[in-house]
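Look over the sequence and the model below before reading on. The briefing then goes through a few of the features, grouped by topic.

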Amino acid sequence: VENDGVPDTASGNIDSFGWSVAIEGDTAVVGAINEDHPSPKRIQQGSAYVFARSAGSWTRKARLVALDGSTGDTLGASVSISGDTVVVGAHGDEAAGFPATTNHGAAYAFVSCGGSWMQQAKVMASDKATSDHFGTSIALAGDSLIVGAPEDDAPPPATTTDNRGSAYAFGLIQRDSDCDGVLDQFDNCPAVANADQADNDSDTEGDACDADDDTDSVVDVDDN
């Protein structure tokens with residue numbers, strides 16, 4: 001993820017900036033499905049851009065790219081935003097290994113934390129197969145995500161390619177609300193950054209947000 005305040009858009013030829021768009025409040029997300037990436041050259045890897053509106057003007061805040069992006073992923077095929085989370089579809093994503101799949105697709109979740117956008121998850125179909133194009137469409141609401149795979153075929157024992165399509169529902173995001181590197185579900189003080197998770201009195205409430213961290217019935221601000 002590249003973060004900056006430059007008020008411009010994708011600038012290459014045939015980037016297809018605007019292929020997908022989503023807006024919530026004063027934040028907008030725009031996909032550039034065919035954007036190329038240099039060093040090393042990756043054709044049509046794709047990107048998504050985050051913009052914020054203030055006093056009637058839009059300013060580019062972030063460029064979102066997949067950490068494992070590669071040629072032909074087409075990140076930006078779809079975008080959706082809910083709160084501090086953006087999910088971006090890459091319907092050309094491929095998988096190596098055995099069995100290798102081509103254009104099975106994926107969706108990437110990015111979360112805003114302290115003004116920076118970070119990739120938090122990559123989502124794929126559990127039964128992914130070649131040319132499913134999972135990620136062609138996306139809808140995100142709160143922690144619920146639905147991803148479309150319009151060319152998914154009938155499951156075994158069917159052997160035909162019928163492109164009947166599917167939609168996959170996920171309960172999404174493992175959040176880190178205070179940006180301290182500890183997910184909320186494991187954080188003993190999820191609203192205040194405390195990477196060390198210090199808990200002097202072992203009451204499961206981190207010292208950073210524990211008003212009486214030595215259990216002597218004297219709040220810390222008055223405790224000597």
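Which residue takes a positive phi in the hairpin of E2 and E3? The residue is Gly-25, with a phi near 60°, and the hairpin has two residues between its strands. The model is a predicted one.

- Strand E2 covers residues 17–24 and pairs with E3 in the antiparallel sense.
- Six bridges make up the pairing of E2 and E3.
- Glu-24 stands opposite Thr-27, a residue of E3.

- Glu-35 is found in the loop that lies between strand E3 (27–32) and strand E4 (47–54).
- Glu-35 has a relative accessible area of 6%, and the cut-off for buried is under 20%, so Glu-35 counts as buried.
- A polar contact of 3.2 Å links the side chain of Glu-35 to the side chain of Arg-63.

**The open sheet**

- Three strands form this open sheet, and their order is E10-E11-E12.
- The pairing in the sheet is antiparallel.
- Strand E10 (137–141) and E12 are the edge strands, as each of them pairs on one side only.
- From one strand to the next, the twist averages 15°.
- Strand E11 (residues 144–149) runs antiparallel to E12, and six bridges join the two.
- Val-147 has Tyr-168 in E12 as its bridge partner.
- As a general point, side chains in a regular strand alternate between the two faces of the sheet.

**The disulfide**

- How many disulfides does the structure hold? It holds one.
- Cys-189 and Cys-209 form the disulfide, and their sulfur atoms are 2.2 Å apart.
- Is Cys-189 buried or exposed? Cys-189 counts as buried because its relative accessibility is 1%.
- Cys-209 has a relative accessibility of 29%, so Cys-209 counts as partly exposed.

Definitions and conventions: Residues are numbered from 1 along each chain as its sequence is written. This is a predicted model: local features need pLDDT of at least 70, side-chain atom pairs count only at pLDDT 80 or more; totals for chains, interfaces and linings use all residues. Side-chain values use heavy atoms; hydrogens and water are left out. A disulfide is a pair of cysteine sulfur atoms within 2.5 Å. Buried means under 20% relative accessible area, exposed over 50%, partly exposed in between (1.4 Å probe, protein chains only). Two strands pair if DSSP finds at least two bridges between them. Helices (H or I, at least four residues) and strands (E, at least two) are DSSP runs, numbered from the N terminus. Axes are lines fitted to C-alpha atoms, for helices over the stretch in contact, and angles run from 0 to 180 degrees between N-to-C directions. A polar contact is a pair of N or O atoms within 3.5 Å; within protein, one must be able to donate a hydrogen and the other to accept it, and residues adjacent in sequence count only if both atoms are side-chain atoms.
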